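Visitor: I'd like to learn how to read a structure like this one. Could you walk me through it?

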Amino acid sequence: MLTQNLPHIVIVGAGFGGMETAKRLKNAPVQITLIDRQNYHLFQPLLYQIAIAGVVPSQIAYPLRTIFRKQKNLTFQMGEVTDIDLSKRYLRLDGSVIAYDILVLAVGGQTNFFGMKSIEENGFQLKNIESAVTTRNHLLNIFEQASHEADADKRRAMLTFVIVGGGPTGVEIAGALAELITHVMAKDYTHMDLSEVRVILLEAGENLMPAYPDELRKATFDLLRAKNVEVMLNTKLENYNGESVSLGDGKQIRTRTLIWTAGVKAAGMLDSLGVQQAGSGRVRVDSSLRVPTHPEVFVIGDAAYLENGDGQPLPMLATVAQQQAKVTAKNIQKILIGKLPEPFHYKDPGLLATIGRNAAVARIFGMSFSGFIAWMIWVVLHIYRLIGFRNRLLVLINWAWDYIFYETQVRLITKE
Ligand SMILES: Cc1cc2nc3c(=O)[nH]c(=O)nc-3n(C[C@H](O)[C@H](O)[C@H](O)COP(=O)(O)OP(=O)(O)OC[C@H]3O[C@@H](n4cnc5c(N)ncnc54)[C@H](O)[C@@H]3O)c2cc1C
């Protein structure tokens, strides 16, 4: 219920940025409408765990109405924001009109296929629960099909898994998939010759994990090789027709599985705002994260383009979105009492990526770690960052079980 005399803050997107902004305004004298097309907050860093049958979706997602049950100044609305009139200060939500005094756009990003239709149509991606479950079903299904395929060429194509993109998501899924096959599938498909399996990681650049320091790039490469992942650097993907990958040098790899992790761009709805956008469709914001021509509109997280001190765009990371949310909530309160907003400065908390069991790479407090210590840090941090005690406990039990028994519990092929 809206109170007429309090400023109305509308937040679109309840991902890392939007959820944190809303929480930080809990005690502010404002009325908040939080909008998301999903009724849950999703912990995207663990999406790949759904794809490799490590967790079920409900363990990494949490209902928004439960999260905000006790926040009296907030109303949640589930729906798709279709258009926004910045000059008249209202937006449309599934046909209804919502007016705002201050708008926070935290709509996140989407997979960028760079216009390669063949990959968008035939490849798999990890962006939301649906795409991760589709990937899991496909991976499990293809093993079932391969197990009774008599034609050796067809079988080998079924057992060849190509992952594109040597950033953290590509590395994580490649390492975890290789382990799923060697530790778990090997026990279920004892009649199959799993030496036919290939897990291939393609990277167009000359290094894996371009944002990481040299020693961790090398450690990542070695850890993947130890898990029998074939890493192909300086390798450009040209086409994928669902049967065969075509590479820039003319070579072909026969495969029924291509997982694309090589690009992210800002959410498409930002294109219709009529404001300045930079690379990947992100909205250019000023130092306090506002649209320069509309200072009552904040854009944060993956949707926003802001350069850090060395002239590089801030990365599309949850940590950036969360830090921007804190400053945005503070600035909204400052503006409402006539004060000037403060600029945003990103404090880099370090880098962390896992490469499967006992293996991860981390850069924390200027120090590089790899192997078991980095993996322990990764496990503790990811369990801590999940929302809800129940989810933390369930994931912890799941992972402990998998660790001890070399199992994954979610190997069900379900209807989508
Ligand atoms: C597979 C994967 C792994 C990742 N791993 C890491 C990691 O290890 N560490 C890290 O820091 N970052 C990681 N990231 C990046 C991180 O998830 C994003 O940077 C972060 O989610 C951005 O937060 P955000 O608030 O900008 O957007 P999001 O968290 O994406 O939230 C956007 C929200 O807006 C909603 N929305 C969008 N459009 C509309 C609309 N028109 N109407 C209504 N609602 C809408 C969406 O439903 C969504 O809930 C990963 C991302 C992926 C996909």
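**Reading the backbone, the ligand shell and the cores**

Guide: Let's begin with leucine 289, which is buried, at 0% relative accessible area. Keep in mind that this is a predicted model.

Visitor: Where does leucine 289 lie?

Guide: Leucine 289 is in the loop that runs between strand S20 (283-284) and strand S21 (290-291).

Visitor: Is phenylalanine 114 buried or exposed?

Guide: The cut-off for exposed is over 50% relative accessible area. Phenylalanine 114 counts as exposed because its relative accessibility is 54%. Its place is the loop between strand S10 (109-111) and helix H4 (117-122).

Visitor: Which polar atoms of the protein pair up with ligand atoms?

Guide: Look for N or O pairs within 3.5 Å. A polar backbone atom of glycine 17 is 2.8 Å from a ligand oxygen, and a polar backbone atom of leucine 317 is 3.2 Å from an oxygen of the ligand. With glutamate 80 the side chain takes part: one of its N or O atoms is 3.5 Å from a ligand nitrogen. As for cover, the ligand taken alone exposes 1,000 Å², and the protein buries 91% of that.

Visitor: Last topic: how many residues does the largest nonpolar core have?

Guide: For a core, you join buried nonpolar residues through side-chain atoms within 4.5 Å. The largest one has 71 residues, and those with the most contacts inside it include Ile60, Phe143, Ile181 and Leu224. Helix H7 (residues 168-188) supplies the largest share, 10 residues.

Visitor: What is isoleucine 181 in contact with?

Guide: Setting aside neighbours within four places in sequence, isoleucine 181 is in contact with Phe143, Phe161, Ala186, Leu194, Val197 and Val199. There's also a second, separate core of 57 residues, with Ile11, Leu25, Val30 and Leu74 among them.

Terms used:
Residues are numbered from 1 along each chain as its sequence is written. This is a predicted model: local features need pLDDT of at least 70, side-chain atom pairs count only at pLDDT 80 or more; totals for chains, interfaces and linings use all residues. Side-chain values use heavy atoms; hydrogens and water are left out. A polar contact is a pair of N or O atoms within 3.5 Å; within protein, one must be able to donate a hydrogen and the other to accept it, and residues adjacent in sequence count only if both atoms are side-chain atoms. Accessible areas come from the Shrake-Rupley method with a 1.4 Å probe; for residues, only the protein chains shown count as cover. Buried means under 20% relative accessible area, exposed over 50%, partly exposed in between (1.4 Å probe, protein chains only). Helices (H or I, at least four residues) and strands (E, at least two) are DSSP runs, numbered from the N terminus. Contact means heavy atoms within 4.5 Å.
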